[in-house]
Amino acid sequence: MRAILMAGVSLAAFGLAASAAVAQSAPPVFNRTATFNVVANLPQGADPAKSTAAEIITVTEDGNTLIYSDSPGKRIGFIDITDPNAPKPAGVVALDGEPTTTVVIGGKAYVGVNTSETNANPTGHLAVVDLATRKVEDKIDLGGQPDSITKSPDGSFLAIAIENERDEDVNDGAIPQMPAGNLTYFEVKNGRVVDESKKVVDLTGLAAIAPEDPEPEYVDINSKNEVVVTLQENNHIVVVDLPTGKVTSHFSAGTVDLDKIDTKKDGVIDLSGSMKAVPREPDTVQWIDDDRFVIANEGDWKGGSRGFSVFDKTGKLLFESGTAPEHMAVRLGHYPDKRNKKGIEMEGAEVATFGDSRLIFVASERGSLVFVYRDKGAGEAPEFLQVLPGGIGPEGLLAVPARNLFVTAAETDLREDGGIGSVVTIYTAGQGKPAYPTIVSENGPDGLPIWWSALSGFAADATTPNKLYAVTDSAYSQARILTVDASSLPAKITAATLLTKDGKPAKGLDLEGIAVRPEGGFWVVSEGNPEKKENPTQNLLVRVDADGSVAEEIALPEALASQATRFGFEGVAVTGTGADETVWIAVQREWKDDPKGFVKLLAYKPATKNWGYVRYPLDKAAKGWVGLSELTAYKDGLIVIERDNQIGDAAKLKKLTFVSLKGVTPAPLGSEQAPPVLTKTEMKDLLPLLQAPHGYVLDKVESFAIDTAGNAFIVTDNDGVDGSSGETQFIPLGVFN
């Protein structure tokens, strides 16, 4: 057996349940059962518009109350999970600084609080919070800025990484930047930290990188009361014996050669790149047993090997994930191409035993995923089990085996930009099949995952049931048509066809809809933005051959194009054949010449090249705006996705409507004829379907298709993992008769 075990995961591993693992010993399957919005737990009088966070999370000893650190709010928050399927806000405790990590011992919560006014003068204390009274009853000076805190399994020690972090704006964040960090720890007696037992372990002079300036990041203690400490920027790991306070081993975290990764910010996920000798720069560390630990290799300065590693405490590397997690993220549409300098950036980790399965959880901050593995022992590679959608930027991971629960805390708050706020997500362990992912990609001809994300329009093949086509939008610089096999869940992306012009990749297209042409090939629509100050774009109807070559680009007549806003073409459908063929295009929102509350459906006749239009009446928005996202031909009319632009609890309108075209004659463009106003009938409220996965309601349900057997599907758009969790929900609706 090789000394270092490498990870490799095939598409079969995404077959919802890891069938081989189930046959062996049935490890648990985790499914999301609740999502808690941190903003729901604001104290009275707090400004709800201000940023909130749930960064690191723990639980009371009875397992009924979660405690998270809200650094922007300078408080810790409590969530009642007596019923984990219905978490409830349970109040906050204000602190005199920014909380980092909380540890519970008996009836007390010990909170690391950063009070530093500058990086050059770091300060902080350990706040002791009585859980019964919810009051700070003591503050223990730490002499520096605390980061991670942990307690020993036997309850005899509490250890703190005093990071004294660098200023990233000074010298490009390079270290050394004094003062140095250290390991500080306390004895615990009778369930209470002994203030005067404070000991400081000097960690200088150990690392090859900036040995005078160790920056401890994370700590964990095994059952022998040995604490393992990661020095992230120093790319070093230290093991300390707490009873004696002595360093028993220390070693470099080493480097990794990375192949088949994306290294360019070019709007394409190109897995042909490589990087050599990349420092791991570990963040979270967790003991697997008394001899081995796992590190999440985030990299915060130069490194980040895009994965995780397992070492023993002598410094021997036992396992390296390599690029396997990153390739999984690509398969799931979670790869953050716009932030790909460090790839998916692994940060959080947790180890816990559920039943007889020792599980390793590792989180990708930038891919917003949690990877679940089963430990197979020192001589074998961890066994991949499943992935979990983790909110945006999951950092805090918490296993609660006594209640069959797993929890993530995602600190990112995007409410100011219309996105979701910080959330805490609860998963329940059981048997059965994972509910996520709902769509994945197979390997392409190069043997690498077919890359995808930002699914913005779907259409069904004209003859084959469960065969669909999808387009991706301007999240990427290349316009592509994906082929999807929807015969099973998760659905599988089996092929990708690049749109080309004159043999080169087509540029400047923002594909938002696709329809299959009766004659073969496709109609696609590209949404324009004439309001862009630089390089404004126009709305286009594009005829594409089956091989992806652009055969024709059709622009709107100038008189109508001049009325366009940035909310343009959003869906396309075809009715009729031959001389009767009509291409229908949905305009997302009102243009300048539309009455308020009415949007255009444009009708283009390829045989005559004539344009006409009708009007569609929009529902009134409870908040934000309402517009159209998709058109699908159905019987004698069209099915329309009508939705608001709201996310989470604010989402109130996501639905399918039907408009009959029987007897409808579009008004010619430029004529004095008043356009017909369509009568719509609600077909299906989509909100319950979007709520069913127990996450937050995704705002962009943008695709709908009905295959030749009548099977219907809706799909959400994840914006290319830009300001998004990356989650895509591909949801079968059953047969539409």
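Strands are DSSP runs of E with at least two residues, helices are runs of H or I with at least four residues, and both are numbered from the N terminus. Two strands are taken to pair if DSSP finds at least two bridges between them. The structure is a predicted model, in which local features need pLDDT of at least 70 and side-chain atom pairs count only at pLDDT 80 or more, while totals for chains, interfaces and linings use all residues. Residues are numbered from 1 along each chain as its sequence is written, and side-chain values use heavy atoms, with hydrogens and water left out.

On this basis, five strands form an open sheet with mixed pairing, in the order β33-β37-β36-β35-β34. Its edges are formed by β33 (439-441) and β34 (455-460), each of which pairs on one side only. From one strand to the next, the twist averages 35°, where axes are lines fitted to C-alpha atoms (for helices over the stretch in contact) and angles run from 0 to 180 degrees between N-to-C directions.

Aromatic contacts were assigned to rings of Phe, Tyr and Trp (its six-membered ring) with centres within 6.5 Å; planes under 30 degrees apart count as stacked, over 60 as edge-to-face and the rest as tilted. By this rule, there are 23 aromatic pairs. One of them, between F308 and F319, is tilted, with 5.5 Å centre to centre and 45° between the planes. This pair links distant parts of the chain, as F308 belongs to strand β24 (residues 308-312) and F319 to strand β25 (residues 317-320), 11 residues apart. F308 is buried at a relative accessible area of 0%, and F319 is likewise buried at 2%; buried denotes under 20% relative accessible area, exposed over 50% and partly exposed in between (1.4 Å probe, protein chains only).

The pair of F713 and F730 is also tilted, because the ring centres lie 5.3 Å apart and the planes meet at 35°. Since F713 lies in strand β54 (residues 711-716) and F730 in strand β55 (residues 730-735), the pair ties together parts 17 residues apart in sequence. The relative accessible area is 3% for F713, which is buried, and 1% for F730, which is buried too. Elsewhere, ring pairs link F30, F354, F361, F406 and Y427 into a cluster.

Charged groups over rings were assigned where NZ of Lys or CZ of Arg is within 6 Å of the ring centre and within 35 degrees of the ring normal. The charged end of R134 sits over the ring of F78, at 3.7 Å from its centre. R589 lies over the face of F567, 4.4 Å from the ring centre.
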